Amino acid sequence: MLKNIGGVLLAAVGAIALTIIALHRHEPVNALWIVTAAVCVYLLGYRFYAAWIAARVLSVDASRATPAERHDNGRDFVPTHRWIVFGHHFAAIAGPGPLVGPTLAAQFGYLPGTLWIIVGAVLGGCVQDMTILMLSTRRDGRSLGQMARDELGPFGGFAALIGTLLIMIILIAVLGLVVVNAMKHSPWATSTVFATVPVAILVGFYLRRWRPGRVLEASVLGVALVLFAVVSGGWIDGNPTLRAAFDFPAIPLAGFVIVYGWFAAILPVWLLLAPRDYLSTFLKLGTVAALAIAIVLMHPQIKMPAITAFVDGTGPLFGGKVFPFVFITIACGAVSGFHALVSSGTTPKIIASEGDVRLVGYGSMALESLVAIMAIIAATLLDPGVYFAINTGAGLVGATPDAAVQTISGWGFPVTVEQMQHLANDMGERSLFARTGGAPSLAVGMASIFGSTFGRGLLSLWYHFAIMFEAVFILTTLDAGTRVGRFMLQDLLGHIWKPLGRTSWYPSVLITSALIVAGWGYFLYIGVIDPNGGVNILWPLFGIANQMLAAIALCVATGIIIKSGKARYAFVTLVPLAWLALITSTAAWQKLTSSDVRLGFFAAANDLAAKLASGVLPADKAAVAPQLILNQRLDGWLTMFFLAVVWFVILDMARVSIRYLRGLPVSNSSEAPYQVSRLTG
Amino acid sequence: MILDHFIWARNVWRWLRTATGDDAYERYVEHRSKKHPGEPLLTRAGFYEDSQRRKWSGVSRCC
C-alpha cells in the first residue's frame with residue numbers, strides 16, 4: 001500500500017515537472033524541472049515497468065543459483081553484493097558517449113534531446129541492458145556474440161562480432177577526435193592530458209611492484225597527482241617558453257594519440273590501462289556526483305530555446321533533420337548497443353542473485369541516462385550564440401571571429417567577439433571559436449555550473465579540470481577499445497592462420513594492434529584535416545553503428561523471449577527494436593541517398609570531386625580534397641554494410657521466431673539448468 | 001555511543017574496500033582456504049596481475 005502511494009506521488013511530481021517544461025515554451029525553463037521530470041520517470045519505470053518485465057517476461061527467480069554462485073572461483077566468478085555490482089556495472093557502461101551526444105543534439109533545442117534521453121532510456125536502453133544481463137546470467141555469463149550464435153545461428157553470431165569490431169573502430173576515432181579538438185592550441189589542456197600518462201604509469205608501478213593491489217591508496221595518490229597536473233597546467237600556460245612547448249596544431253596531436261594508442265595496446269595492462277582506469281573511474285564517479293549536486297544547488301535557467309529552427313536539417317553541428325538524427329546523435333544516453341557487451345561480459349559473472357538484475361541492469365542505465373540529462377543541461381544553459389560559436393567548425397561560419405559572430409548572430413543567436421574573448425579569458429584559453437567535438441562546450445558548461453556553486457574565481461581551473469576529466473576516460477575507452485578490437489581481430493584471423501589467433505604470441509599482438517590502430521587512426525586523421533571539424537561526419541556514423549548494435553542485441557533478446565514461449569510479451573523488446581530499425585534505416589538511407597552535401601556521403605563526395613575538377617577550391621582545400629572524397633565514399637560503403645548486417649540479423653531472428661511459432665524445430669535454448677541457490681532464501 | 005560510530009565507520013571502510021577491489025586478494029585467500037585448503041596460492045602481486053589480465057581480456061569499458 002505504502003509503495004503504491006509512493007508511486008502515485010512520483011507520478012504526480014513527474015507530471016507537474018513535465019507540464020512545466022511543456023508550458024515554458026517561449027520563456028526560460030529552470031534546469032531543475034528537467035532533472036525532476038527525468039528522475040520521476042526513471043523511478044516510475046524502475047518501480048513498475050522494470051518490475052513487471054522482471055517478473056513476467058524474464059521470470060526472475062531469486063531461488064535459482066547464478067553463475068557467480070555455481071562457478072564461484074574467487075576470481076572472475078564471485079557472488080557480490082548488489083550495490084557493489086551496481087557500482088561496477090555503472091562504472092563500466094558510463095563513458096564519454098552520453099556527455100558528447102547530448103551536447104551535439106542540443107543544436108535542435110533542449111526539448112527533443114531531453115525527451116528522447118528520458119523516453120528512450122526507460123522503454124529502450126534500460127530494458128535492453130536488463131534483458132541481456134538476465135539472459136546472459138541464465139547462460140553462464142555468455143557473451144552477446146555467443147548467445148546470438150547459440151540461439152539464432154552462426155550468421156547472427158558473426159554479424160554481432162563484425163558489427164562490434166567496426167563500431168569500436170568508428171567509436172575510438174570519434175573519441176580521439178574529441179580529445180584532439182580539446183587539446184588543439186591549448187597548452188594548458190595538452191600539458192594536463194599528457195601528464196596523466198606518467199601519473200598512470202607511476203600508479204601502475206605502485207599497484208604492481210610497491211604495494212600490490214592496494215587500489216585505494218594508489219587511486220588517492222593518482223587522483224591527487226592529476227589534480228596537481230591541472231593546477232600546474234595553469235603555470236605552464238603562464239610561462240611563455242613552456243607554453244610554446246605544449247602548443248600543438250591538430251595533426252601532430254592526432255599523431256600523438258595514434259602512437260599512444262598503439263603503445264597502450266601492446267604494453268601489459270598493469271602498466272598503463274589498469275591504473276588509468278582506476279583514476280578515470282574515481283574521477284568519473286566523483287565528477288558526476290559533484291555535477292548533480294551543483295546543478296541542484298545552482299538550478300540554472302536553460303537559455304537554449306525548446307526547439308530551434310535547425311530541426312529542418314540545416315543545423316551547423318551536423319546535417320540532418322531532427323527525425324531521425326536526434327535519436328542517432330543522443331545514442332548512448334538513451335540506448336547503447338555497447339552496453340549489451342558489458343551486460344553479457346563481466347557483470348553476469350558477479351551477480352549473486354537473479355533478484356539483483358533489475359537494480360543492476362535497469363538501474364545503472366537509468367543513472368547513465370541521468371548523466372546524459374546533465375550533459376544536455378550543461379550545453380543548454382550557455383547562451384545559444386556562445387554554444388554555436390564554440391561548436392561550429394570554421395568551414396561553415398568563416399575562419400575569423402568577426403565572420404563567425406556575424407553568421408551566428410544572423411541565425412538569431414546573438415553573440416559578440418568581446419563576449420567570446422571574455423569567456424576565453426575566464427576559461428584560460430586563447431580562443432573558444434570553432435572548438436568542435438563537444439568537449440570544450442561541455443567543459444565551459446561544467447565550469448559555469450561548478451564556478452557558480454563552488455567559487456567563481458576558479459573558472460579556468462574548473463574548465464581544465466573538466467577537459468582533463470573527459471580526456472582521461474576517453475583515453476581509457478580508446479585504450480580498452482583498441483585491446484578488445486585486437487582480441488576480436490585475432491579471433492577472426494585465427495581462422496585464417498592459427499598463430500595469429502594466439503593472444504599471447506607477441507608478433508601477432510604487435511601486428512593486430514597496429515591494424516586496429518591504423519583503422520581508427522585513419523578516420524581520426526581524416527576528421528582532423530576536415531575543415532568542418534570531422535565530428536559532423538563521424539558522430540552520426542558512430543550513432544548509426546551503435547544503435548544498430550543495439551538492434552542486434554534486441555534481436556537476440558526478442559528471439560529468445562519468443563523461443564521461451566512468451567511471444568505475447570515479446571513487444572517489450574520488439575517495440576524498441578522496431579523503433580531502432582526505423583531510425584537507423586532512415587538515417588542510413590538519408591546518409592546514402594540525400595543530395596544535400598551536408599547529409600549525403602556520396603553527394604558530398606561528388607560535389608567535392610566536381611569542385612576539385614573545376615579548380616574552384618583554394619590550394620589548401622584542394623590538397624586534402626582527394627582524401628576527403630575517398631573518406632566520404634568509404635563512409636557510404638560502411639553505412640551500407642551496417643544496414644545490410646542489421647537487416648540480415650532481423651530477418652534471421654524473424655525466421656527462427658516464425659519457425660518456433662509454427663511448431664517447427666529450432667535450436668535448443670542454451671539456458672543453464674535450474675539449480676537451487678544456497679545464498680538466498 | 002562512540003563505539004557505534006566506530007562500527008559505522010568500519011562498515012563504510014569495508015564497503016569501500018570491497019567496492020574498489022582493494023580487498024580482492026584477502027577475499028581470494030579466504031575463498032581458497034575455505035574451498036581448496038592446502039593448495040598453492042598466488043602471491044599478492046601475482047594475483048593482482050592475473051586479475052587485471054582477466055579483467056581486460058573482454059569488454060569491460062563502454063562508450
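The following legends describe close-up views of a predicted model.

**View 1. Overall make-up of chain A.** Chain A of the predicted model contains 27 helices and zero strands. The C-alpha trace of chain A spans about 70 × 65 × 60 Å along its principal axes. Of the 681 residues in chain A, 61% are buried. Among contacts between residues at least 6 apart in the sequence of chain A, 82% join residues at least 24 apart.

**View 2. Helix α14 of chain A and its surroundings.** Helix α14 comprises residues 322-330 of chain A, and because seven of its nine residues are buried, the helix is largely enclosed by the rest of the structure. The buried residues are Pro324(A), Phe325(A), Val326(A), Phe327(A), Ile328(A), Thr329(A) and Ile330(A). These buried residues pack against four helices of chain A, namely α5 (97-105), α6 (110-137), α24 (535-563) and α25 (571-593). Ala331(A) follows α14(A) and has a positive phi, near 40 degrees.

**View 3. A salt bridge between distant parts of chain A.** Glu671(A) and Arg64(A) form a salt bridge in which the closest N and O atoms are 3.3 Å apart. The two residues are separated by 607 residues: Glu671(A) belongs to the segment after α27 (619-661), while Arg64(A) belongs to the loop between α2 (31-57) and α3 (67-70). Arg64(A) is buried, with a relative accessible area of 11%, whereas Glu671(A) is partly exposed at 33% relative accessibility. Over all chains, the count of salt bridges comes to 29.

View 4. Lys611(A) and Asp607(A) are joined by a salt bridge with an N to O distance of 3.3 Å. Both residues lie in helix α26 (residues 601-614), four residues apart, or about one turn of the helix. An α-helix has 3.6 residues a turn, so residues three or four places apart point the same way. Side chains of opposite charge can pair when their charged atoms come close. Lys611(A) is partly exposed at 36% relative accessibility, and Asp607(A) is partly exposed with a relative accessible area of 27%.

**View 5. A salt bridge between chains A and B.** Asp76(A) forms a salt bridge with Arg54(B), with the closest N and O atoms 3.0 Å apart. The pair crosses from the loop between α3 and α4 (82-93) of chain A, which holds Asp76(A), to helix α3 (residues 44-55) of chain B, which holds Arg54(B). Asp76(A) is partly exposed, with a relative accessible area of 25%, and Arg54(B) is partly exposed at 33% relative accessibility. Through salt bridges that share partners, Arg75(A), Asp76(A), Asp50(B), Arg53(B) and Arg54(B) are joined into one network.

**View 6. A nonpolar surface patch made by residues of chains A and B.** Trp83(A), Trp13(B), Trp15(B) and Leu16(B) make a nonpolar surface patch of about 440 Å². Helix α1 (residues 2-20) of chain B gives the most to this patch, with three residues. Leu16(B) is placed in helix α1 of chain B and is partly exposed, with a relative accessible area of 33%.

Methods
Residues numbered from 1 in each chain as written. Chains lettered and ligands numbered in written order. Predicted model: local features only at pLDDT ≥ 70, side-chain atom pairs only at ≥ 80, totals over all residues. Heavy atoms only, no water. Salt bridge = Lys/Arg side-chain N within 4 Å of Asp/Glu carboxyl O. Buried < 20%, exposed > 50% of the residue type's maximum accessible area, 1.4 Å probe, protein only. Patch = residues over 30% accessible without salt bridge, like charges linked within 9 Å, V, L, I, M, F, W, Y side chains within 5 Å. Areas by Shrake-Rupley, 256 points an atom, 1.4 Å probe, with all protein chains shown as cover. Contact = heavy atoms within 4.5 Å.
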